[in-house]
Every structure is written in structure tokens, then in C-alpha cells.
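I set out to record the overall form of one chain and then its contact with a partner chain. The entries follow in the order in which I looked things up.

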Amino acid sequence: MSVDRSDITKVARLARLKIDEADVPQYVDNLSNILGLVEQMSAVNTDDVVPMAHPLDAAQRLRADEVSDTNQRDKFQALAPQVESGLYLVPKVIE
Amino acid sequence: MHTKTISQLSAVLRSGEVSSVELTSLFLDRIKQHNLALNCFISITEAQALEAAAAADQRLKAGNAAPLTGVPIAHKDIFCTEGVKTTCGSKMLDNFIAPYESTCTAKFRDAGAVMLGKTNMDEFAMGSSNETSYFGAVKNPWDQGRVPGGSSGGSVSAVAARLAPAATGTDTGGSIRQPAALCGLTGLKPTYGRVSRFGMIAFASSLDQAGPVTYSAEDAALMMNVMAGFDERDSTSVAREVPDYSANLENGIEGLKIGLPKEYFGEGLDGNIARVIDAAIKEYEALGAVVKEISLPNTGLAVPTYYVVAPAECSTNLSRFDGVRFGHRCDDPQDLFDLYTRSRGEGFGLEVKRRIMIGTYVLSAGYYDAYYLKAQKIRRLISDDFRAAFEKVDVIMGPTTPSTAFKLGEKADDPVTMYLSDIYTIAVNMAGLPAASIPAGFVDGLPVGLQVIGNYFDESRLLNVAHKYQQATDWHLQVPKEFQ
């Protein structure tokens, strides 16, 4: 399995990653090689195998729907690049 | 004093022979002396360390000390430590002062252990050489032209150079065991769910597990006594009683059934390493263990399968780094898309971007069944191999790595070759089993690790099996010349 330039551009867009034009050939090579390694999986018959999502096949634990933490907005927003009046600021989205 | 195990340091602190402040200062001095060359620490938390050491001394005097009270240790920079920069080896988090404490580091803090600093690592724990760190490569104390392994390379390099007597690490595909092998240390990856992942920055959530890096199995037991346990803040934490990991260290191992998977001794294994491992197995036979050849037929599929599962989970986990709430943000974003793509493009390094791309690709429309679902099915087959093996044997042994530490830069440009250096460690994470790497000898002056794989939650037995070997040998006590 190999990928081409247009795959790289498409996947980079889906992943919200800016990739320089000059680096695209390197990604084409690297990803094609990695997918070549991954391709070994296709030789195995897995028709009757149940997928394993989790090592211990554990069920999701539930708890009562109660408040378990306090509001720490100011503390967390102190880490943000841009905030105002308790809101996170981003470039204008709606005209 | 700097070459003592934490078991010995715990004793000298109690006897009053040395105070925690003196001990902490000694290790801080050693870090300052050697960190420029080895680059194993990203942050040195001197002021906090001395404060914690003074508090530990009070506690020792008052007679309410725990075994690790006053013992200095280092934490991998993947654990959030409140008020201390937590980078995960990435430019993305170069400005991130963690607003809360991980459960793992909180447990050490509460036990009175003193944090010396945060250790270097492959960016977001993605790497096997510690060369993907934004903060630069880490050097192997046994040969500074070589890599220490990764991703817990900083923790392992620091302990091997005796800049810290023990450290925490994390292991997603071998990131504790592989560097421990390459630097001559004892490293343990516990059963998935045994140690809380709360506050441990996520890479691949169904594989990540924290564990100790120490000189000896006896020390690893002391660390596990602090780290292990249920945590309601980690939804995959296992509610199961924590044994005293020190209690069974001295048990005899006569009659222990050791399985040797033939797939771990075939093509690709360096002949000199094979000889070291054979000698270690002979030592176990001399101690009364019984050896049996077994087969783990799907071993060869572990690396290909891992490079679907881990990138898929990583691409999902790392979507939280968006340049909005914390972490790196690009200058002058034109619009929201530009803000996301440039912040992430600038904040992540090459290997992280590669893995996000692979993960996004295998999860994208039309490919999910062929890649991710297929990988989850093969994961089941890999896991079933181990289940079948543990019906016949008590532990599984083999080499931790196919070669000794490689040269800096040697594999940096070829991701697939780099990935294959984890060929013996990855299957264990896929299955969620516990495994240790223990020092078993040297090839041309470079350490070799013996991997010991146990059944689910059988860490006590792993540590017992490792300890008996360490009583009969002294590979684990060897110190690189420059750091003696």
C-alpha cells in the first residue's frame, strides 16, 4: 500500500496539520513505508476473530451523576494563549 | 553514596547517617555536573526538591516516615506536576505549567520521596532512541556516542549515570524495558490498569502504562508499593488489591517453569546477545528453574499491528492540542483553520506528525475496517498466544532488544527500522501483560537486557524471579566508568 501527494494533503487537512510543500515527498515516502509494514496484517485470516479494543476487555465503570470537582476556570484559563472575561478567544468565525 | 540502591538509601536515611537534604544536594550537584553532556533532564526542580527534603527530614525525625521518605527520585516529563513545567518532550508544551498533579507523582510526593526534576523523553513518548525530543537527544552513559533507547531515555540515562537512584517511566511499546536494557537497568512495565494513568499525558490509551526504572528488582518492588493501585479518576484503572511487592522477593524458584518462545531467538537477533541470554537462562536452570520451548506464533505481527493501533489512538488523543486552551499557538492566525493547522504544525515534531498522519489515515472513511478493525482482531490473536503459553509456563523469557544501543543518528531517518527495534517488547503491550527487563551481561562494553514476561497481575512473581537472579549475579550493579 502506498500513498501519493494528494493523500498526504488530504490527511494533513483532516488532522489539522500544516505541512510544508517541501516536506510532502518525505511524508509520501515515510507513510508508504509504514503502510508497507502494516500490510503484513492482510496475510492473516481473521474472519472469526472478535476485535480486542482493550487488553482486559473491561467494561466501562459507572458512577453516580454527582458533582465531583470544583470550578477551576481561572486556574485553567491562566494557561491559555488568549482569554477575555472567562472566554477563550479565537479568530472571528462568523461574519 | 550515589551508587547505593534506594533500599540502601532508605536504610541510611533512617539510621541518620545522612539527611535527605544532604542526599538531595549530592544528587542535584551530580545532575548539574553531568546534565550538559547527557541531557537527561528537561527541568531541574532544585528549590522544590530541597524544600521537600527538609520536610522529609522532619518526618524521619518524627518517626512517621514511609520507606521512600527522603529518597530523591526523578520523574519522566510525561507526568503532570502541579506548578512545574510539564513538556512531554514537545515544543507544543514548552510553556505548559501543569495545573494539577498526576496520581502517580502525587503518590510519591505523599510517600515523602523527593522529586529532583523532570526527565527528557521522546516527544509525546513516540520514539525508541530519545532523539525525537524537542529538547535534544539524550546520551547513553555507557557510550555517549550512542542512544539510551526510548522513550523513557532521560529517566534511564539519569539512573544509569547515578544522577538519580530511581525514576519513573512509561511504556507503550517498550519505552521502559528497551531503554532499561540498553543502559543496564531494571525496568518494569506493570499490567495494564495496575498504575493510574490520571495526569500522565496520553499517547495510546489502551497501551500506556507507568512503571519504575531502578538498579534492582528489590528497588522496583519499593517503587511499585507506592505507584500501584486503583484510582477512580482513571476509568481503566483496575480495582484489585495491591500486594506487598517486597514480600515474595526471597521465595525460592525451584521448579519455576520458564517458557522460551522460539520466535524470540530466530532471525534478526544479534548472535552475541543470544549468547548472553543463553547464559542467563543457564543461571536460572542452576537456580532450579525448568526451561521449556514454547511458540508465540503471531509475534511477527506485533509491530505491524501496533503501528495501526498506537497511531490511531495517538491521533485521537493529540487532537486536544489545538492552540486554543493551552500549549503552543502560532503568531497572527488568519482564521480558525489557520490557527489549528499552524499551531499544530509548528508545535509538533516530525515523528509525532508522522504518527498523527498514519492514525488519521487508518481511521479515515473507507479504511477503518481494513486497518483499525483488522488490527484489533490481530491484537486478539497476539493476546491469545500468551494465554495459551501461560497455561504451560509461569514466566516467559527472551532478549529485550535485538541489538545493543545503536549510534546516535543511525536509525533516525528510517522510521520502519527504528520501529523494528521494539520487536520483542511490543506484543506485551498489545496483550496488556506485565514484563521486566533486567541486566544480563555485556557485549563489547554495552549492556544487554533479559526480558521476563509474566501473566496478568503477576508482578510479584516477576520481581521475585528477577531478584533471585540478581542475588546470583552482579550485572545490575555495574556502573559506567565515568560515573562511578
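**Chain A and its interface**

I looked up the radius of gyration first: chain A has 22 Å, whereas a compact globule of 95 residues would have a value near 12 Å. I note that the model is predicted. Along its principal axes, the C-alpha trace of chain A spans about 55 × 45 × 25 Å.

I then checked burial and found that 29% of the 95 residues of chain A count as buried. Of the contacts in chain A between residues at least 6 apart in sequence, 33% join residues at least 24 apart.

For secondary structure, I recorded three helices and two strands in chain A, in the sequence pattern α-α-α-β-β.

I turned next to the partner. The contact draws 49 residues from chain A and 71 residues from chain B. About 5300 Å² is buried between the two chains, with carbon and sulfur atoms giving 71% of that area. Met41(A), Met52(A) and Arg61(A) supply 14% of the area that chain A buries against chain B, more than any other three residues.

I searched the interface for polar links. I noted 18 residue pairs in polar contact between chain A and chain B, both at pLDDT 80 or more. The elements that give two or more residues to the side of chain A touching chain B are α1 (5-14), α2 (24-38) and α3 (73-77) of chain A. The largest share, nine residues, comes from α2(A). By class, I recorded 33 nonpolar, nine polar and seven charged residues on this side of chain A.

Last, I looked for salt bridges across the interface and found one. Glu82(B) forms a salt bridge with Lys75(A), with the closest N and O atoms 3.0 Å apart.

Conventions: Residues are numbered from 1 along each chain as its sequence is written. Chains are lettered from A and ligands numbered from 1 in the order in which they are written. This is a predicted model: local features need pLDDT of at least 70, side-chain atom pairs count only at pLDDT 80 or more; totals for chains, interfaces and linings use all residues. Side-chain values use heavy atoms; hydrogens and water are left out. Contact means heavy atoms within 4.5 Å. Buried area is the accessible area (1.4 Å probe) that two parts lose on being put together, summed over both. A salt bridge is a side-chain nitrogen of Lys or Arg within 4 Å of a carboxyl oxygen of Asp or Glu. A polar contact is a pair of N or O atoms within 3.5 Å; within protein, one must be able to donate a hydrogen and the other to accept it, and residues adjacent in sequence count only if both atoms are side-chain atoms. Helices (H or I, at least four residues) and strands (E, at least two) are DSSP runs, numbered from the N terminus. Ala, Val, Leu, Ile, Met, Phe, Trp, Tyr, Cys and Pro count as nonpolar, Asp, Glu, Lys and Arg as charged, and the others, Gly among them, as polar. The radius of gyration is taken over C-alpha atoms; the globule rule is 2.2 Å times the number of residues to the power 0.38. Buried means under 20% relative accessible area, exposed over 50%, partly exposed in between (1.4 Å probe, protein chains only).
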